[in-house]
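Please read them with the sequence and the coordinates open beside you.

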Amino acid sequence: MELDEATDGRPLDDDSRRLLDARLARIKLDAYAKPGGRGGGQVRPGRTEVYVHLTDHTLATGNGVLRAESVGPLIASQLGELIGHGPYVVKPVIDLNDAVSVDAYEIPAGIRERIRLAYPVELFPYGTRETSQTMDLDHIQPYDPLGPPGQTSTDNLAPLSRFGHRVKTHARGWKVRRVDRTILEWTTPHNFTFRVGPTGTHRVRPDESAAG
């Protein structure tokens, strides 16, 4: 069956669907060809990265609900429609439960990416800055060049705006500790305590803070 034959409203069979996908991909590729010029050539298309959050069950079965960043929840079968008909690259799954570390002060791109995905918003009390690849990442326990290995890790880094980073590093009387993998507890110079995590900032009483 040729692509341009009438289908009488019937859904495309597998062979026709593959032919359609191939032609659409070719149209997309030709759209980036330079109009004229010596040797032809192409204009490189823009690259878009799509982060998809899903459970191990959805990953294994291909069925279920997932969430694509900047898009929202989708049925797993809709992911192909989101990607489109052009070539794409599937990167390894990032398990945010894995603790990853390096024996250096500098933060590699892989750890920076994990922090951005784990904490979409900075972890300073009432902070509103969305975490980006260029945002400051603070060592919760200050880095010690003579200290143990693995100090630069997903368990010891927190995204902070430049203001929040300077407050923690240079302002007197501020204290911070990690309550668990997702929550930081901040104590101000006036002994107000706040916990910052996925649900935002919450003020806590002294007895709650002492209880952990």
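1. Helix H4, which spans residues 109-118, has seven of its 10 residues buried, so this helix is largely enclosed by the rest of the structure; please keep in mind throughout that the model is a predicted one. The buried residues of H4 are Ile111, Arg112, Glu113, Arg114, Ile115, Arg116 and Leu117, and what covers them includes strands S1 (52-53), S4 (101-102), S5 (136-139), S6 (152-153) and S7 (157-160).

2. Turning to the aromatic side chains, the count comes to six aromatic pairs. In one of them, the ring centres of Tyr126 and Phe194 lie 5.7 Å apart with the planes at 75°, and the pair is therefore edge-to-face, the angle being over 60 degrees. This pair links distant parts of the chain, 68 residues apart, with Tyr126 in the loop between H4 and S5 and Phe194 in strand S10 (residues 193-197). Tyr126 counts as exposed at 55% relative accessibility, whereas Phe194, at 13%, counts as buried.

3. Trp174 and Trp186 also form an edge-to-face aromatic pair, with 6.2 Å from centre to centre and 80° between the planes. Trp174 sits in the loop between helix H5 (162-170) and strand S8 (175-178) while Trp186 belongs to strand S9 (residues 184-187), so the pair ties together parts 12 residues apart in sequence. Trp174 is partly exposed at 27% relative accessible area, but Trp186 is buried at 1%; together with Phe124 and Phe163, these two residues form one aromatic cluster.

4. Ile83 belongs to helix H3 (residues 79-83) and is partly exposed, with a relative accessible area of 36%.

Note on methods
Residues are numbered from 1 along each chain as its sequence is written. This is a predicted model: local features need pLDDT of at least 70, side-chain atom pairs count only at pLDDT 80 or more; totals for chains, interfaces and linings use all residues. Side-chain values use heavy atoms; hydrogens and water are left out. Helices (H or I, at least four residues) and strands (E, at least two) are DSSP runs, numbered from the N terminus. Buried means under 20% relative accessible area, exposed over 50%, partly exposed in between (1.4 Å probe, protein chains only). Contact means heavy atoms within 4.5 Å. Rings of Phe, Tyr and Trp (its six-membered ring) pair if their centres lie within 6.5 Å; planes under 30 degrees apart count as stacked, over 60 as edge-to-face and the rest as tilted.
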